[in-house]
Number of protein chains: 2
Amino acid sequence: MKKIKLTVAYDGTDFSGFQKQPGRRTVQGTLEEVLGRITGESVQIYGSGRTDAGVHALGQVCHFTTSGLIPVEKYPYILRRTLPRDLLVYAAEEVPHDFHAQKSAMWKTYRYQLDLQPLPGIFERRYRTHVPVSLDIGAMQEAANHLTGTHDFTSFCSAKTEVIDRVRTIFRCQVCQEAGGLVIEVTGNGFLYNMVRIIAGTLVEVGKKRVKPEEIPFIIQAKDRQKAGPTFPPEGLVLVQVGYHPWTDNYARES
Amino acid sequence: MKKIKLTVAYDGTDFSGFQKQPGRRTVQGTLEEVLGRITGESVQIYGSGRTDAGVHALGQVCHFTTSGLIPVEKYPYILRRTLPRDLLVYAAEEVPHDFHAQKSAMWKTYRYQLDLQPLPGIFERRYRTHVPVSLDIGAMQEAANHLTGTHDFTSFCSAKTEVIDRVRTIFRCQVCQEAGGLVIEVTGNGFLYNMVRIIAGTLVEVGKKRVKPEEIPFIIQAKDRQKAGPTFPPEGLVLVQVGYHPWTDNYARES
């Protein structure tokens, strides 16, 4: 039995999210079906975490185990020919048996992409949330700096969150202007449900000068979802990268 | 009766082209149906020209006549709420009765968009043709310069072209590197069937050093479709802008 790690990109627009659901087109379901056909085995895919319907990925990580004889380096080529065009496997590598896409993950990077043009861009509408206002980007970065560090992020997760420990560490939160619009990029050791979408909604409130950057510490301290900004829609959200412990990567490279 | 000019953007991926066809989802068909519902009249849309299935537009121009009482400046707002998300009306203005979206057009600008990354970008795949090779961009621009001017473009149009006069003037043909890849932008007084897609295919042959820039004049002179490069796929092609005679625009602005 081999354990294989896949690095996967997808356009989330036409998927009902990552997690398998009967009768729905999902990332996990599509990967399991196609890998099942290729290997002739029943394949179970484990992802680094779910993504909601409409959320995209540039570097989602999954693993599965197989007793098949396909050389691991062939998977990206074979999968490129068999997967639909909105789901792409960038890389495949053999990993040690104690590797787990979710449990071994050390950090994740997400981007939230905004389209600031007066009218929504026709090539941006699937991947960026349209916010046709001028934003104070300096104030947004100042607010973003207040989010970094280790905090209880109860104010920044869905009120429906069932996880009890809401303490997470944000290593970096950067607001950058790009050709297509504005990007909020966040790296942390873990994210609560809707956390990046609420961070984006809150930073845009700051950009609109409805909230001051120095109010962010009080919003965090309140541990009250009502104090933060709105949950922004899924189409602007992209899972960019999932990081693993270095020895896992080394082992994978040497094996 | 008022004549109204619309500036329209669309993501061509899920349309069977511009021109109405029974039982197909087309840009013209969708606009006529929605405008028919809004005005309560039977509306006939005239475009500046057809675009093929999969081809996009940032600034396609159409016109229609109506005896309805909706103020012209309201159309973009009303249409934004009623049109599907992949079809967007950027502007509406009243034009003189002798304006015709196709017959009054003086020039058009098209872009052909390439994705040069080793693997196809998940956000680029609908709007860029994937060409995962390194290209000599200087040579491509040199070849592009040979295309400008007034020429018989028989070598650069589909062999199925029925138009007899194939003389067109290219005012500008620019090869530019962008964040997402490479763009070939062409402005001319008119374009033959598949012309921009064959120009793109030929310039990429030059970029791959399979054709030399100084061969372009001979390819043009041959008046033989076989001498030029391949017809590149529709997804990379974008109709950017349609230009009209200044007095038409002035008249429209004053009326």
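## A lysine in a loop

Lys209(A) is found in the loop between α4 (195-207) and α5 (216-222) of chain A; helices (H or I, at least four residues) and strands (E, at least two) are DSSP runs, numbered from the N terminus. Before we go further, please note that this is a predicted model, in which local features need pLDDT of at least 70 and side-chain atom pairs count only at pLDDT 80 or more, while totals for chains, interfaces and linings use all residues. Residues are numbered from 1 along each chain as its sequence is written, chains are lettered from A and ligands numbered from 1 in the order in which they are written, and side-chain values use heavy atoms, with hydrogens and water left out.

What is the phi of Lys209(A) near? The angle is near 65 degrees, a positive value in a residue other than glycine. As background, most residues other than glycine have a negative phi. Lys209(A) counts as exposed because its relative accessibility is 63%, where exposed means over 50% relative accessible area, buried under 20% and partly exposed in between (1.4 Å probe, protein chains only).

Chain B has its own Lys209(B), placed in the loop between α4 (195-207) and α5 (216-222) of that chain. Phi of Lys209(B) is near 65 degrees, again a positive value in a residue other than glycine. With a relative accessibility of 64%, Lys209(B) counts as exposed.

## Where the two chains meet

Let us turn to the interface. Here 23 residues of chain B are in contact with 23 residues of chain A, contact meaning heavy atoms within 4.5 Å. The size of an interface is often given as the accessible area lost when the parts come together. Between chain B and chain A the buried area is about 2,000 Å², with 66% of it coming from carbon and sulfur atoms; buried area is the accessible area (1.4 Å probe) that two parts lose on being put together, summed over both. On the chain B side, Ile122(B), Phe123(B) and Arg125(B) lose the most area to chain A, together 35% of what that side buries.

How many salt bridges does the rule find across the interface of chain B and chain A? There are two, a salt bridge being a side-chain nitrogen of Lys or Arg within 4 Å of a carboxyl oxygen of Asp or Glu. The side chains of Asp11(B) and Arg125(A) form a salt bridge with an N to O distance of 2.5 Å. β1 (2-10), β3 (56-66) and β4 (87-95) of chain B each supply at least two residues of the side that touches chain A.

## Arg125 of chain B

Arg125(B) sits in the loop between β5 (105-115) and β6 (129-130) of chain B. Is this residue buried or exposed? Arg125(B) is buried, because its relative accessible area is 10%. Leaving aside neighbours within four places in sequence, Arg125(B) is in contact with Asp11(A), Arg85(A), Asp86(A), Arg126(A), Tyr127(A) and Glu235(B).

## Aromatic rings

Over all chains, the structure holds 16 aromatic pairs. Tyr10(A) and Phe18(A) form a tilted one, at 6.5 Å centre to centre with 35 degrees between the planes. Rings of Phe, Tyr and Trp (its six-membered ring) pair if their centres lie within 6.5 Å; planes under 30 degrees apart count as stacked, over 60 as edge-to-face and the rest as tilted.

Tyr10(A) is buried, with a relative accessible area of 1%, and Phe18(A) is buried at 4%. Ring pairs link Tyr10(A), Phe15(A) and Phe18(A) into a cluster.

Pro230(A) lies in the loop between α5 and β10 (237-244) of chain A and counts as partly exposed, at 38% relative accessibility. The C-alpha atoms of Pro230(A) and Gly201(A) are separated by 4.9 Å, although these residues are 29 residues apart along the chain. Setting aside neighbours within four places in sequence, the contacts of Pro230(A) include Arg197(A), Ile198(A) and Gly201(A).

Gln177(A) belongs to strand β8 (residues 167-177) of chain A, and this residue counts as exposed at 62% relative accessibility. Beyond neighbours within four places in sequence, Gln177(A) is in contact with Ile137(A) and Leu182(A). The C-alpha atoms of Gln177(A) and Ile137(A), 40 residues apart along the chain, are separated by 8.5 Å.
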